[in-house]
Amino acid sequence: AAPALRAQFERHVYGVMPEASATKIISHRIIDEAAFGGAGVLEEYELVASATFNGETRDSAPFRLTLLLPASAEGPVPAILMQTFCPTSSTIPHPGVAPPEGGDFCAGDGPAAWLMTYVFGRYIATPPLEAILARGYALAALYPSEAVPDSRSRGEAALEALAAGHGDRETRWGAVAAWAWLYARAVDILETDARLDRSGLIVWGHSRYGKAALVAAAWDARIDAVVSHQSGTGGASLTRGKKGETVAEIADQYPHWFAPAYARFAGREDELPVDQHQLLALIAPRAILLGNARRDVWSDPNGAFRAAKGAGPAYALYGRGGLAQDRIDRFDPQADISFWIRPGTHGIVKEDWPAFLDFLDARYKKPAS
Ligand code: GCU
């Protein structure tokens with residue numbers, strides 16, 4: 001049933017994924033063996049991913065994967081793989097991590113950087129690196145716009161070029177699918193690194209990248225857990241009977257995010273043959289954290305809670321409990337599906353990361369011996 005369900009999502013929502021993919025390492029270098037006061041080892045890969053559609057293989061633009069490992073680790077550690085709104089030079093700020101061509105709009109004290117933090121919260125650009133390292137996690141970051149820009153014109157061009165062999169315009173992949181595919185291409189590299197725990201590869205994404213993180217896990221079983229924060233429409237929130245952002249609004253504002261076929265459901269959400277609880281179901285029995293905020297009604301937290309409940313039968317097939325909390329605000333980091341909600345709006349604030357890490361610790365922290 002899972003392949004048939006994925007095919008439905010590809011056809012009606014995200015567009016068709018490549019039939020084959022590969023990841024080439026262009027370069028790999030150690031940036032700093034004692035980064036962040038000696039807490040971390042910092043490295044960077046330059047990668048090119050290739051996608052095959054109908055036998056035609058095309059390369060992506062080069063993109064970087066920046067990896068920060070806890071310096072004091074004994075044995076393999078779990079890794080949090082993130083895509084963010086900001087270039088990696090802001091996700092992991094360090095003199096050796098260069099901004100992309102065109103610069104880093106999140107960096108420095110300029111008005112753009114100030115506005116980003118003001119609107120989206122303190123951790124929008126840079127996660128709490130010290131806390132992540134201290135709790136024993138590696139962090140890997142990539143800026144998806146290097147390969148598939150989050151822009152109508154440039155994004156569209158990159159998607160079209162990669163999917164040159166895909167004949168059907170209506171089902172050509174959108175950026176959410178391509179970003180999900182980029183998570184998987186980074187996993188190609190991370191899963192070969194003996195310093196990382198192969199049963200601890202976690203994808204993390206906020207909002208548009210929260211949508212992509214869920215799709216990545218639903219399509220790729222090598223991903224062991226997902227932290228998807230405020231993913232909203234096309235992410236964890238149900239589309240049928242929708243509150244918050246509609247298909248018409250998202251397809252109009254972000255036409256490059258989905259398959260062109262998705263726009264046909266504008267105003268006809270109830271006719272969609274699939275809904276987002278089934279996306280969560282495709283991740284079962286692996287662990288999912290859905291992050292939310294009360295006043296972020298655009299992302300529809302209630303719709304995400306109902307989707308989390310709706311994925312229950314898929315977890316039950318594995319003898320698992322799925323969502324355990326009966327109320328939206330009873331966060332249970334131990335459950336297969338954890339639902340986190342805090343006051344406030346869209347963005348990443350100081351309460352969010354401790355919740356993310358508690359959820360991860362519930363599966364990856366070794367009991368003290
Ligand atoms: C917009 C968009 C959402 C998206 C969000 C984000 O608000 O409408 O669907 O999740 O951007 O990525 O922050």
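**Reading a predicted model**

Trainee: Does Thr91 count as buried or exposed, and why?

Mentor: Thr91 counts as buried because its relative accessibility is 0%. Buried means under 20% relative accessible area, exposed over 50%, and partly exposed in between, with a 1.4 Å probe and protein chains only. The model is predicted: local features need pLDDT of at least 70 and side-chain atom pairs pLDDT 80 or more, while totals for chains, interfaces and linings use all residues. Residues are numbered from 1 along each chain as its sequence is written, and side-chain values use heavy atoms, without hydrogens and water.

Trainee: Where is Thr91 placed, and with which residues is it in contact?

Mentor: Thr91 lies in helix H3, residues 88–91 (helices, H or I of at least four residues, and strands, E of at least two, are DSSP runs numbered from the N terminus). Beyond its neighbours within four places in sequence, its contacts (heavy atoms within 4.5 Å) include Met82, Cys86, Pro127 and Ala141. The side chains of Thr91 and Thr84 also make a polar contact of 3.1 Å. A polar contact pairs N or O atoms within 3.5 Å; within protein, one must be able to donate a hydrogen and the other to accept it, and residues adjacent in sequence count only if both atoms are side-chain atoms.

Trainee: Which side chain makes a polar contact with that of Asp358?

Mentor: The side chain of Arg135 does, at 2.7 Å. Asp358 is found in helix H13, residues 352–364, and counts as partly exposed because its relative accessibility is 36%. Apart from residues up to four places away in sequence, Asp358 touches Arg135 and Pro333. Its C-alpha atom is separated by 8.6 Å from that of Gln334, 24 residues apart along the chain.

Trainee: How many residues has the largest nonpolar core?

Mentor: In soluble globular proteins, nonpolar side chains tend to be buried together. Here the largest nonpolar core has 118 residues (buried Ala, Val, Leu, Ile, Met, Phe, Trp, Tyr and Cys joined through side-chain atoms within 4.5 Å). Helix H7, residues 175–190, gives the most to this core, with 13 residues. Leu65, Ile80, Leu81, Trp173 and Trp353 have the most contacts inside the core. Leaving aside neighbours within four places in sequence, Trp173 is in contact with residues including Tyr14, Phe53, Leu159 and Trp181.

Trainee: Which residues of helix H11 are buried?

Mentor: In H11, residues 301–310, Pro301, Gly303, Ala304, Phe305, Ala307 and Ala308 are buried. These buried residues pack against helix H10 (276–281), strand S9 (287–293), helix H12 (312–317) and strand S10 (337–342).

Trainee: Which residues of H1 meet H8?

Mentor: Arg6, Phe9, Glu10 and Tyr14 in H1 meet Val215, Ala218 and Trp219 in H8.
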